[in-house]
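Please look over the model below before reading on. The numbered points after it are meant for someone who has not seen this structure before.

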Amino acid sequence: MPIRVLAPQLAAQIAAGEVVERPASVVKELVENGLDADATSISVEIMGGGLEMIRVVDNGCGIPAEEAELAFHRFATGKIASAEDLDCITTLGFRGEALPSIAAVSAVALLTRPPQEAVGTLVEVAEGQVIRSVPQGSPPGTSVSVRRLFQSVPARLKFLKSPAAEASRVQTMIQQFALAFPHVRFHLAIDGRAAFASSGGGNLRDACSTIYGPKTARALLEVATPGVSGEGAGSIGVYGLVSPPDMSRASRAYLHLFMNRRWIQSRTLAYALEEAYQGFLMERRHPLAVIHLTVPPREVDVNVHPAKLEVRFHQESEVFSALQRAVRSALVARAPVPTVRSGLAPSWPAPVPTEVGTLSLQGVPSQPSLSRSVSEEGGRSASTPGEVASSLRVLGQVQNLYIVAEGPGGVYLVDQHAAHERVLYERVRGEFRDRAPQVQGLLEPAVVELPPSLEEALAAHGEEWSRYGFDLETFGPHSYLLRALPVIFKDADPGETFMSILEEVGQGKGTGDWEEALASSIACHSAVRAGKSLTQEEMAHLLAQLSATDQPHTCPHGRPTMVHISASHLEREFGRR
């Protein structure tokens, strides 16, 4: 086939494929145009999953009459003017591709009027060609109607999902915008029925309440680490809301990351967020989080993805660390003791009201309000495990498993194994960090027989085992002599304990995971067991040790160390309220 120049219409349809992938892509581009026009109210209506009709109406600044038709020319934009502007993009859109790409694969009608003009302008475009451009009455703002999407590109139509699935994608997109811009009022109608509406009051917790319900929104913990002016890590701000440890999800679909109010997808930052929950969540569970990052525009490149969903940070490691530190600090400082309510199901009381200062960067709006709702338990603030543990008065033990204690606002049940495991884990991690494990030599070395799979796990870290208190030497094929082990195992069977730990840590991947697994396994095998009777003094001593840990909320595997039965709950159960 000879080389030839493609027809303009065919070239436009091919180019449009990078920008307009499905109806949700159209909605995204049009809503972003409204937000860049400083709209405070945006209404979206779709029919047939967006394939029959999409209408986006905003109350933004509108387009002057003399520029309305020009907006459909490829690479026509008022958001950048030179190559230098690409180094400091402060708008959501900037390429000048949205309207011409949409018009290349549909029929578009644009009605717009700036507030200072008396009459609006109607521009109708089909298959990339302007059909007419005439004056017409219009309220201030812009309305864009898109019909017969992809009718001229049947190859794209066959790859789309059902109308219901496409409508669901549109709704998810609008919800992301509501979380990114809580001060903007969004309304979505699907096939003539209202599907979503946000208040636009500027409160991020209210926006979360609209999407996930008031109970979930009340329980979310505040993250607030404002950045400061200047370049580098000090200018990175992190704020938002994250779920407490006992509120988790089975997938990562509830992780929402925004950079300068732009919804982004980043495996690196999602990993940083989940790493902050290390030790707080059970395995294969994920948090719910709405995180806003504020980064100086010159420190990030947003022009790396056709749909602008991915960005490249100039100092990605600094952003990673800032996010991880902010979320971890919020969890340690604010995660309260889970409270048993009706049905004896633990739930997390809402935090007390606080006010967070606002911050702004060049071209980035100030952060939304994070005001908190009061607790359902009479408005009292919820205490964290660290605050509670030091003030508990031991009452006794239940089933030789739970310590019963009286404390602020009611009764507390402490899982003795989980609490002791947390104490020992942090002690072992401290010894690992200082490279000074306490070691106990065995009067008679223990002979350990290892199957090939465990020999591989042992060899994977070579001499590192001795650095953590295990003194091993080869003693024939598949046999080893264990001459010493950490003193924490003084009452355990040396050979069996070492085999159990080796089996567990053999599942780790990489040095960091391996050390975490080793410390967790050592703590688990050394902690006081369920079924062991403790004296009053031993229980009081354990609670004192727990209060001194850095993260007393959970054991290293994510199980809670304690739960709270509030005084008001007891009064209700006994008919006193």
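1. Two strands pair if DSSP finds at least two bridges between them. Helices (H or I, at least four residues) and strands (E, at least two) are DSSP runs, numbered from the N terminus. With that in hand, E11 and E12 form a hairpin with two residues between them, and Asn 260 in its turn has a positive phi of about 50°. E12 covers residues 262-264 and is joined to E11 by three bridges, the two strands running antiparallel.

2. This is a predicted model, in which local features need pLDDT of at least 70, side-chain atom pairs count only at pLDDT 80 or more, and totals for chains, interfaces and linings use all residues. Residues are numbered from 1 along each chain as its sequence is written, and side-chain values use heavy atoms, with hydrogens and water left out.

3. The pLDDT is the predictor's confidence in each residue, from 0 to 100. Its mean for the protein is 82, and 84% of the residues reach 70 or more. Over residues 343-366 it is below 50, although this stretch has 72 contacts (heavy atoms within 4.5 Å) in the model beyond near neighbours in sequence. Where pLDDT is low, the predicted coordinates should not be read in detail.

4. Met 259 has Leu 293 as its bridge partner in E13 and Arg 262 as its bridge partner in E12.

5. Helices H2 (residues 23-36) and H6 (residues 163-180) pack at an angle of about 25°, their axes (lines fitted to C-alpha atoms over the stretch in contact, with angles from 0 to 180 degrees between N-to-C directions) being 9 Å apart. They are therefore roughly parallel to each other, a term for angles under 35 degrees. Among the residues that meet are Val 27 and Val 31 in H2, and Met 173 and Phe 177 in H6.

6. A three-stranded open sheet has the order E21-E23-E22, with antiparallel pairing. Strands E21 (439-449) and E22 (471-474) stand at the edges with a single partner strand each, so one side of each is left without a neighbour in the sheet. Seven bridges join E21 to E23 (residues 479-486), and Val 448 stands opposite Tyr 480 in E23.

Notes: Angles under 35 degrees count as roughly parallel, over 145 as roughly antiparallel, 65 to 115 as roughly perpendicular and the rest as oblique.
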